[in-house]
Amino acid sequence: MTSITYFLLNRRSFFSRRMGFGLLTICLILLTGCQASGDMRVQPYNRPLSANSFFADGRSARPFVAGTVPQTDQRVDDPALTGKNEDGDYITNLPVPVTNELIQRGQERFDIYCVVCHGVDGHANGKAIAFGFPKPPDLLQDSAKAIADGKIFDIITNGQGNMLPYGYRVKAPDRWAVIAYIRAMQLNNGHLTQDLTPDQLKQLGNK
Ligand code: HEC
């Protein structure tokens with residue numbers, strides 16, 4: 001009995017000593033790895049707008065390469081990108097031709113981004129509302145009909161109150177498509193199931 005205990009104890013201490021040495025070696029290797037040459041730890045970089053003798057003009061900030069265009073809708077002089085006219089007022093018409101294709105595109109985007117709150121038919125009965133998100137106004141009621149197209153463009157772009165901004169997900173041309181779809185639902189007094197007639201398209205286009 002005593003000899004078995006002795007054996008077990010001895011075996012355990014043998015293993016734990018070996019494991020201890022192993023762990024120590026790994027730690028030492030890791031520590032040396034972190035301290036190695038220092039090239040990765042200290043990397044050359046310029047602080048914003050700092051001086052730099054490498055460039056002839058002495059500045060670290062470089063000018064844009066000729067022909068660089070902004071990735072986002074940054075032009076401020078085009079109503080189709082701002083929703084505003086040259087006086088800074090919201091435009092009250094759609095700045096793009098109103099076609100059934102545009103409205104279908106709008107319906108597709110609306111179903112992706114807006115339905116969760118505003119509901120398929122715009123009556124604010126989306127799933128998020130059922131889960132307790134603050135209820136938005138009904139998009140088919142008169143107060144929503146009276147909002148200028150440019151203002152809706154702004155609401156989609158920048159959000160409003162509890163509504164989040166969608167500008168980074170719904171690009172400018174799609175925002176107009178969504179607005180055309182909302183207007184089409186308002187004209188139809190409900191969810192769209194078929195194309196608008198040429199007269200209805202004209203009505204939306206000339207509004
Ligand atoms: C997460 C929920 C949510 C989503 C998604 C959402 N909205 Fe809203 N929306 C709201 C809420 C809440 C309001 C009320 C905002 C306020 O407090 O003024 C609102 C307000 C609006 C209004 C103003 C309505 C009025 O009568 O004042 C419009 C127009 C609108 N949303 C359009 C959209 C469009 C288009 C989309 C999709 C691109 C969208 N919303 C996506 C929640 C949402």
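Of the 207 residues of the protein, 20% count as buried. The model is a predicted one. Its secondary structure amounts to nine helices and zero strands, and the order along the sequence reads α-α-α-α-α-α-α-α-α. Among contacts between residues at least 6 apart in sequence, 50% join residues at least 24 apart.

**Nonpolar core**

The largest nonpolar core comprises 24 residues. Within this core, the residues with the most contacts are Val-178, Ile-179, Ala-180, Tyr-181, Ile-182 and Ala-184. Two or more residues each come from α3 (100-113), α7, α8 (172-188) and α9 (198-206). The most is given by α8, which supplies nine residues. Leaving aside residues up to four places away in sequence, Ile-182 touches Gly-122, Leu-139 and Ile-152.

**Ligand shell**

The ligand is surrounded by 23 residues, of which Cys-114, Cys-117, Pro-136, Gly-161 and Met-163 are the closest. The elements giving two or more residues to this shell are α4 (115-118), α6 (142-145) and α7 (149-158). The composition of the shell by class is tabulated below.

| Class in the ligand shell | Number of residues |
|---|---|
| Nonpolar | 18 residues |
| Polar | five residues |
| Charged | no residues |

Methods:
Residues numbered from 1 in each chain as written. Predicted model: local features only at pLDDT ≥ 70, side-chain atom pairs only at ≥ 80, totals over all residues. Near = placed C-beta within 6 Å. Helix = DSSP H or I, 4+ residues; strand = E, 2+ residues; numbered from the N terminus. Nonpolar A, V, L, I, M, F, W, Y, C, P; charged D, E, K, R; others polar. Core = buried A, V, L, I, M, F, W, Y, C linked by C-beta atoms within 7 Å. Buried ≥ 20, exposed ≤ 12 C-beta atoms within 10 Å, placed from the backbone. Contact = placed C-beta atoms within 7 Å.
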